[in-house]
Amino acid sequence: MIALFKNSIKSTLLILPSASCNLRSFSTHTVIIVMLDFYYLPGSAPCRAVQMVAQAVDVKLNLQYLDLMAGAHRSAKFTKLNPQQTIPTLVDGSLVLSESRAALMYLCDRYAKDGNDWYPRDIIQRTAINQRLFFDACVLYPRFTDYYHPQVFGNATPDARKRVAFERSVELLNRFLMEHEFVAGSKMTIADISIFATLTTACVLGFDLKPYANVDKWYITMISSCPGAQINIAGAKEFLKYK
């Protein structure tokens, strides 16, 4: 299904709601805008990472706000779409992606221009990027949630041991940034964007990056030059509503 947005003699602007559409039949004057359904919450760091990467590769998202506090993720309709009942959930035609880092990779592989630096084809570069993505998914983000979520959503007393664990993960990131400007090399990639989303929420909640000089410098660069940085910061501030 194709929605005609603008039509003129010289050019046609088409909005395609899914990747299943055949683009080959359109003229060379056709401008394609891809729009994918995206179930999200602004406060979710993984959701914001997908939003930023979508902006970086010029993919429009049809935002579907999913109120987890009201149990919207447990509805029969959403559970059928995503049995994990999790956000973010990205829908591209028949493809449903429910893990943010997989979605970042997919957006680049499917929609980024050839030769893009966000997730380059070179296997060595990709390996470095993947390692940092998995560091975020398996170390940094879980330690962030272990420490902060009980405080934000359960009014719990801060756990000193969990804070130390999170601080150690930030110190690891600080070491990663000793040799390069960005987390996986000399250029900004989807690994930077994923980690940027995680740390932005921590910073909004009061975590100080100044003791980690390399991370602090990198974070300032991300704020000034990452696509969608202001959406990321504004979304992270949603966490303050739950405190």
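1. Let's begin with one residue. At 51% relative accessibility, Asp58 counts as exposed (the cut-offs: buried is under 20% relative accessible area, exposed over 50%, partly exposed in between, with a 1.4 Å probe and protein chains only). Asp58 is found in the loop between α1 and β4 (60-65), just after α1. Its phi is near 65°, a positive value in a residue other than glycine.

2. A word on what you are looking at. This is a predicted model, in which local features need pLDDT of at least 70 and side-chain atom pairs count only at pLDDT 80 or more, while totals for chains, interfaces and linings use all residues. Residues are numbered from 1 along each chain as its sequence is written, and side-chain values use heavy atoms, with hydrogens and water left out.

3. Now the overall layout. The protein chain has eight helices and six strands, where helices (H or I, at least four residues) and strands (E, at least two) are DSSP runs numbered from the N terminus. Along the sequence they come in the order β-β-β-α-β-α-β-β-α-α-α-α-α-α.

4. How much of the chain is buried? Of the 243 residues in the protein chain, 48% are buried. The chain exposes about 12900 Å², and carbon and sulfur atoms supply 55% of that; accessible areas come from the Shrake-Rupley method with a 1.4 Å probe, and for residues only the protein chains shown count as cover. Take the contacts between residues at least 6 apart in sequence: 62% of them join residues at least 24 apart. Contact here means heavy atoms within 4.5 Å.

5. Eleven of the twelve residues of α1 are buried, so the helix is largely enclosed by the rest of the structure. Among the buried ones are Cys47, Arg48, Gln51 and Met52.

6. Helix α3 (residues 100-111) is worth a look alongside. It too has twelve residues, and it reaches 16 Å from first C-alpha to last, close to the expected 16 Å. Nine of the twelve residues of α3 are buried, so this helix is also largely enclosed by the rest of the structure. The buried set includes Arg101, Met105, Tyr106 and Tyr111.

7. How do α1 and α3 pack? Helix α1 (residues 45-56) and α3 pack at an angle of about 5°, with their axes 9 Å apart; axes are lines fitted to C-alpha atoms, for helices over the stretch in contact, and angles run from 0 to 180 degrees between N-to-C directions. That makes α1 roughly parallel to α3. For reference, angles under 35 degrees count as roughly parallel, over 145 as roughly antiparallel, 65 to 115 as roughly perpendicular and the rest as oblique. Pro46, Ala49, Val50, Val53 and Ala54 in α1 meet Ser100, Ala103, Leu104, Leu107 and Cys108 in α3. By class, this contact has nine nonpolar, one polar and no charged residues. The classes: Ala, Val, Leu, Ile, Met, Phe, Trp, Tyr, Cys and Pro are nonpolar, Asp, Glu, Lys and Arg charged, and the others, Gly among them, polar.

8. Next, α5 and α7. Their axes come within 7 Å and cross at roughly 75°, and α5 and α7 are therefore roughly perpendicular to each other. Val170, Leu173 and Asn174 of α5 make the contact with Ala213, Asn214 and Val215 of α7. By class, the contact has four nonpolar, two polar and no charged residues.

9. Also in α7 (residues 213-225) sits Trp218. Buried or exposed? Trp218 is buried, with a relative accessible area of 1%. Leaving out residues up to four places away in sequence, Trp218 touches Leu177, Glu181, Phe182, Val183, Asp192, Ile195, Phe196 and Leu199. The C-alpha atoms of Trp218 and Phe182, 36 residues apart along the chain, are separated by 6.8 Å.

10. Finally, some loop details to check by eye. The peptide bond from Ile87 to Pro88 is cis, with omega near 0°, and Pro88 lies in the loop between α2 (76-81) and β5 (89-92). Asn155, in the loop between α4 (123-154) and α5, has a positive phi near 55° and counts as exposed at 70% relative accessibility. Gly185, in the loop between α5 (160-176) and α6 (190-204), counts as buried at 11% relative accessibility.

Conventions
Expected span 1.5 Å × (residues − 1).
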